[in-house]
Structures are given as C-alpha cells and as structure tokens.
Amino acid sequence: MKDIEQSLGVYKVTIDLPLWVNNIQCFLFKGEDGWDIVDTGIYTPGAMEKWKESFRKLRINPLDVRQIIITHDHVDHFGAAGELQKLTQAPVKMVNKENSLVKWKDWLKEILHEDSVFHFFGLPKELKEEVIREKGTQFKNWVPSIPETEDIRAQETIVLGCEQYQILTFPGHCAEQICFYHPDREVLFAGDVLVTPNHLNATNQEPLTDYFKILELLQKMKIAYLFPSHGKPFARVDIRIGLIAEYRKQQMSELKEHLSKESTVYQAYLFFLSRGALTDLFFGLTEVYYFLEHLVKLGELKKVTREDCFYYKEVNKNEMD
Ligand SMILES: [Zn+2]
C-alpha cells in the first residue's frame, strides 16, 4: 500500500477524535508547485500541532498549500478548516450550495430544538440534557472559526498532487459527499461513503435506501484500492464492501427481531450497545433512528407516536391479513 501512496504522492495526517471512531485520516497531496489537503479533522490544539508537525516533516511552507478540500460537512471532516485557512491562506473547496458550514451552528440548534425528532427518541430527561450540554460545548470548541468556501459542484475533475481525479458525488452517509476516483490506477478516496448515516442533517428523511444503493454501486466499480476517512486503506474492495453491506443487513435483521416487542429509539440503541455495535450516544442514537425509519419504509416495522415519543414494533404479518 505504501507504493501506491508514494506513486500518488499522498501522505496521511491522522487526527485523533473523541468520537465513535478514534481518528480520521486526512490527506496531503504533493504537487509540483504546492500541496493539496483533503479534510482537516476537528480543531483542537493537539490537532493543529499535528498539522504543523506534518508540515515541518514534509518541509511544507503553509503558504504552499494550494487548496483545502472538504469531502462533506460533518464536523470531524471540516472542524479545523477555518484555522487551517488562516494558517495557509488557501481556498477551502467543497460541495456547498447551501453554504452549510456557515449555517452549521444553526443546524445544531435545530437538532436540539424542542420540535426536533431528537426529542422523540425516548431518552431519559437527565441524559438528554447532558447530551445537549456536552455536544453544544464540544461542537463549539471543535469549530472555532468558519472558513470562506468555494463551491466545486460544477467541477468534474480535480488535480490532487500531480494526478487528476474524477469528482464523484454520493448521497447516503450525508446529503452529498465527494469522493476522488483515479480510473487508471483504480484508486478511490472514499470519505465516509461506507459509514452509515449518523447525523440528523441528511436532507433525505430516510437516507439508508441511498446508502445501500451506493454500496451496490461501489461494489460494481473498478476499485483496486480504497482510502476511507476512518480506518486503514484496503484492497480487495468489492469483497470488503460486500461484507460491510452484509454486516449492515445483519444488524437490521437483529434489530427487527428485537422489535418483536415495542421499543423506543433509545431502547433500540441500548440493544445495539449491548452487542458492542455502537459507542457514542448522540451519533449512535441518530444512526439507530435511521435504521428504524428504513425498516418502517420497508414495511417491516410500524411506528406510533405517543406522549412525544416514537415507538417501533415489528409488523405482525397476521395482523396485516
Ligand atoms: Zn467522518
């Protein structure tokens, strides 16, 4: 794998995350007249130190950074973009029709607003208050400044380092995310396309249908090596993606089985947690919510709302006749 990285002129910068995954892989691409960054990680003093250390090691003058690309508008991918823009003076580019970074703080307010579905998850009151407090503070600290951004929606290709990549846009994990594909070398920088949706800012109310469609599409693409944002790069991509899709489907069928008795989102989350499948409460809850909504859409579960809480239960086939 090192050979491929070397031939593409790509260097990984691993930023620690206190989230459902331990870290994120950001990338530095070496070009003839400067460097390109893909994703920035969250902002923490340690994360900024990591960037500066990488610049020193690779002998990069921060002003030689040509551009900073953000794969999607999730905090672990763009949190430090504002501070890195100050340091490098480089343009920050993303698919950004809605200018979502500027609206980002409102998004958190919206999620935690009393009308939001988040309040229908059946979370005990104290725990809910704790999550809201904790996430409010964390998210504010992780994004101390919002960069100026350029929209690369209209662009079909991009030069990262010395190589040209196709820009592919995928829904599923979030409303829109960009990946970079090198057709000759069959390499994909995949961002989070393999990660299930776990935020409440997907514009699609039920994003798992898109997520599974994208997995199928990726499985059919010619990809020899895939670089994910979380975890190590890997080969034998079609097999690996098939396993991921299989695992997700297994999680859903276990969830459905569990829902032979009625359950709230929080109770379903605890069921997953007991199986070691999820960690972070906030992201885990939203992920489980999307799973449940997907099963409702497939007609496998029925959903009722009582006293400001959603309840899900397996559809009794006999009842339907
Ligand atoms: Zn991520």
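Is threonine 88 buried or exposed? Threonine 88 is buried, at a relative accessible area of 1%. Buried stands for under 20% relative accessible area, exposed for over 50%, and partly exposed for what lies in between (1.4 Å probe, protein chains only).

The model is predicted: local features need pLDDT of at least 70, side-chain atom pairs count only at pLDDT 80 or more, and totals for chains, interfaces and linings use all residues. Residues are numbered from 1 along each chain as its sequence is written, and side-chain values use heavy atoms, with hydrogens and water left out.

The protein holds 11 helices and 13 strands. These are DSSP runs numbered from the N terminus, helices being H or I with at least four residues and strands E with at least two. The radius of gyration is 20 Å, close to the 20 Å that the globule rule gives for 321 residues, so the protein is as compact as a globular protein of that length. That radius is taken over C-alpha atoms, and the rule is 2.2 Å times the number of residues to the power 0.38. The C-alpha trace spans about 65 × 40 × 35 Å along its principal axes. Of the 321 residues, 54% count as buried. Contact requires heavy atoms within 4.5 Å. Among contacts between residues at least 6 apart in sequence, 64% join residues at least 24 apart.

Helix H4 covers residues 81–88 and includes threonine 88. Six of the eight residues of H4 are buried, so the helix is mostly covered. The buried set is Ala81, Gly82, Glu83, Leu84, Gln85 and Thr88. Their cover includes strand E3 (35–38), H2, strand E4 (65–69), helix H3 (75–78) and strand E5 (92–94). Threonine 88 itself touches Phe55, Pro62, Leu63, Val65 and Ile68, residues up to four places away in sequence not being counted. A polar atom of the threonine 88 side chain lies 2.8 Å from the backbone oxygen of leucine 84. Just after H4, glutamine 89 takes a positive phi of about 65 degrees.

Lysine 50 lies in helix H2 (residues 45–57). Lysine 50 is partly exposed, with a relative accessible area of 29%. Val13, Thr14 and Ile15 are in contact with lysine 50, its neighbours within four places in sequence left aside. Phenylalanine 212 is 162 residues away from lysine 50 along the chain, and their C-alpha atoms are separated by 35 Å.

Terms used
A polar contact is a pair of N or O atoms within 3.5 Å; within protein, one must be able to donate a hydrogen and the other to accept it, and residues adjacent in sequence count only if both atoms are side-chain atoms.
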